[in-house]
Amino acid sequence: MVKHIILWTLKPELTEEEKNTVKIGIKEGLEGLVGKVPGLIDLTVHISGRLTSSNADVMLDSTLESEAALKAYAQHPAHLAVANGKVRPFTAQRSCLDYIII
């Protein structure tokens, strides 16, 4: 199995109200992919409880069946629709950590 973890920082020009709306859209969009994308075992988007010591706004924590499943997820039309419509237009920075669960 493979873990796929993403941290996003939202664009600084967004108001707090806009950031909250964007976070909800990201969460609903990405969590809605479970059961639609083959090989995607689970996916949780964390948008609340952020401490002031954090330097990211949103975290995606997902598990996929394999590295091949991760590659397929990245190109899946449903994932691309969420990424292009709800994530990329509103994020300033992205960090990713993918690793095999041993």
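The model is predicted: local features need pLDDT of at least 70, side-chain atom pairs count only at pLDDT 80 or more, and totals for chains, interfaces and linings use all residues. Residues are numbered from 1 along each chain as its sequence is written, and side-chain values use heavy atoms, with hydrogens and water left out. Helices (H or I, at least four residues) and strands (E, at least two) are DSSP runs, numbered from the N terminus. The largest nonpolar core has 21 residues. Helix α3 meets α1 in a roughly antiparallel arrangement and α2 in an oblique one.

**Helix packing**

- Two packed helices are described by the angle between their axes and the distance between the axes.
- Axes are lines fitted to C-alpha atoms, for helices over the stretch in contact, and angles run from 0 to 180 degrees between N-to-C directions.
- Angles under 35 degrees count as roughly parallel, over 145 as roughly antiparallel, 65 to 115 as roughly perpendicular, and the rest as oblique.
- Helix α1 (residues 16–31) and helix α3 (residues 77–87) have axes that come within 10 Å and cross at roughly 180°.
- That angle makes α1 roughly antiparallel to α3.
- On the α1 side, the contact (heavy atoms within 4.5 Å) is made by Val22, Gly25, Ile26, Gly29 and Leu30. On the α3 side, His79, Val82, Lys86 and Val87 take part.
- By class, this contact of α1 with α3 has five nonpolar, three polar and one charged residues. Ala, Val, Leu, Ile, Met, Phe, Trp, Tyr, Cys and Pro count as nonpolar, Asp, Glu, Lys and Arg as charged, and the others, Gly among them, as polar.
- The axes of α2 and α3 come within 5 Å and cross at roughly 55°.
- Tyr73, Ala74 and Gln75 of α2 meet Pro77, His79 and Leu80 of α3.
- The contact of α2 with α3 divides into four nonpolar, two polar and no charged residues.

**Nonpolar core**

- A nonpolar core is a set of buried Ala, Val, Leu, Ile, Met, Phe, Trp, Tyr and Cys residues joined through side-chain atoms within 4.5 Å.
- In the largest core, the residues with the most contacts inside it are Trp8, Ile26, Leu30 and Tyr73.
- At least two core residues come from each of β1, α1, β2 (40–46), β3 (58–64), α2 (67–75) and α3.
- Strand β1 gives the largest share, four residues.
- Leucine 30 contacts Trp8, Leu43, Val45, Leu60, Tyr73, His79, Val82 and Val87, leaving aside neighbours within four places in sequence.

**Helix residues**

- Buried means under 20% relative accessible area, exposed over 50%, and partly exposed in between (1.4 Å probe, protein chains only).
- Valine 87 is found in helix α3. Valine 87 counts as buried, at 4% relative accessibility.
- Beyond its neighbours within four places in sequence, valine 87 contacts Trp8, Ile26, Leu30 and Val82.
- Valine 22 sits in helix α1. Valine 22 is buried, with a relative accessible area of 9%.
- Not counting residues up to four places away in sequence, valine 22 touches Leu10, Leu14, Lys86 and Phe90.
- Alanine 72 lies in helix α2. Alanine 72 is partly exposed, with a relative accessible area of 42%.
- Alanine 72 and glycine 39 are 33 residues apart along the chain, and their C-alpha atoms are separated by 8.4 Å.

**Strand residues and polar contacts**

- A polar contact is a pair of N or O atoms within 3.5 Å; within protein, one must be able to donate a hydrogen and the other to accept it, and residues adjacent in sequence count only if both atoms are side-chain atoms.
- Lysine 3 is placed in strand β1 (residues 2–10). Lysine 3 counts as buried, at 13% relative accessibility.
- The side chains of lysine 3 and aspartate 61 are joined by a polar contact of 2.7 Å.
- Lysine 3 also contacts residues including Ser62, Thr63 and Tyr99.
- Serine 62 is found in strand β3. Serine 62 is buried, with a relative accessible area of 0%.
- A polar atom of the serine 62 side chain lies 2.9 Å from the backbone oxygen of histidine 4.
- Leaving aside neighbours within four places in sequence, serine 62 is in contact with Val2, Lys3, His4, Leu40, Asp42 and Leu43.
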